[in-house]
Amino acid sequence: MLGDDVWQQIKDSVALRVHKRICMHGIGEPLKCVKSIPELIIVIRDVMRCHRAILDHCSILHRDISPNNILVSRDNGTVRGMLIDFD
């Protein structure tokens with residue numbers, strides 16, 4: 001069994017790792033594809049909730065929220081907004 005000092009040395013020597021994903025197919029449409037004002041409100045609400053959750057849980061501020069970084073997803077008649085590009 002390793003002592004606490006050994007575990008601390010291992011922990012200190014391990015590089016910070018970042019999880020990234022690459023999508024190989026489309027997962028949404030551009031924001032300009034919303035079909036109505038109520039859809040736009042839903043999409044913006046989802047994006048705001050996403051940003052708040054990422055800020056609260058990960059302390060990450062997006063800093064580039066723009067129409068180009070918002071996607072609209074449709075699934076069985078349900079519209080959702082997605083915030084992308086967290087570089």
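Ile65 is found in the loop between H2 and E2, where helices (H or I, at least four residues) and strands (E, at least two) are DSSP runs numbered from the N terminus. The model is predicted, so that local features need pLDDT of at least 70 and side-chain atom pairs count only at pLDDT 80 or more, while totals for chains, interfaces and linings use all residues. Residues are numbered from 1 along each chain as its sequence is written, and side-chain values use heavy atoms, with hydrogens and water left out.

**Exercise 1.** Determine which residues Ile65 touches, not counting those up to four places away in sequence.

*Solution.* 
1. Contact means heavy atoms within 4.5 Å.
2. Under that criterion, Ile65 touches His51, Ile70 and Leu83.
3. Ile65 counts as partly exposed because its relative accessibility is 45%; buried means under 20% relative accessible area, exposed over 50%, and partly exposed in between (1.4 Å probe, protein chains only).
4. The C-alpha atoms of Ile65 and Ile84 are 8.6 Å apart in space, with 19 residues of separation in sequence.

**Exercise 2.** Decide whether His51 is buried or exposed, and list its contacts beyond four places in sequence.

*Solution.* 
1. His51 has its place in helix H2.
2. His51 counts as buried because its relative accessibility is 15%.
3. Its contacts, neighbours within four places left aside, are Leu61, His62, Ile65 and Leu83.
4. Seen from Leu83, with the neighbours within four places again left aside, the contacts are Val47, Cys50, His51, His62, Ile65, Asn69 and Ile70.

**Exercise 3.** State how many disulfides a search of the whole structure finds, and examine Cys50.

*Solution.* 
1. A disulfide is a pair of cysteine sulfur atoms within 2.5 Å.
2. The search finds zero disulfides.
3. For Cys50, the nearest cysteine sulfur is that of Cys58, 9.7 Å away.
4. Cys50 counts as partly exposed because its relative accessibility is 25%.
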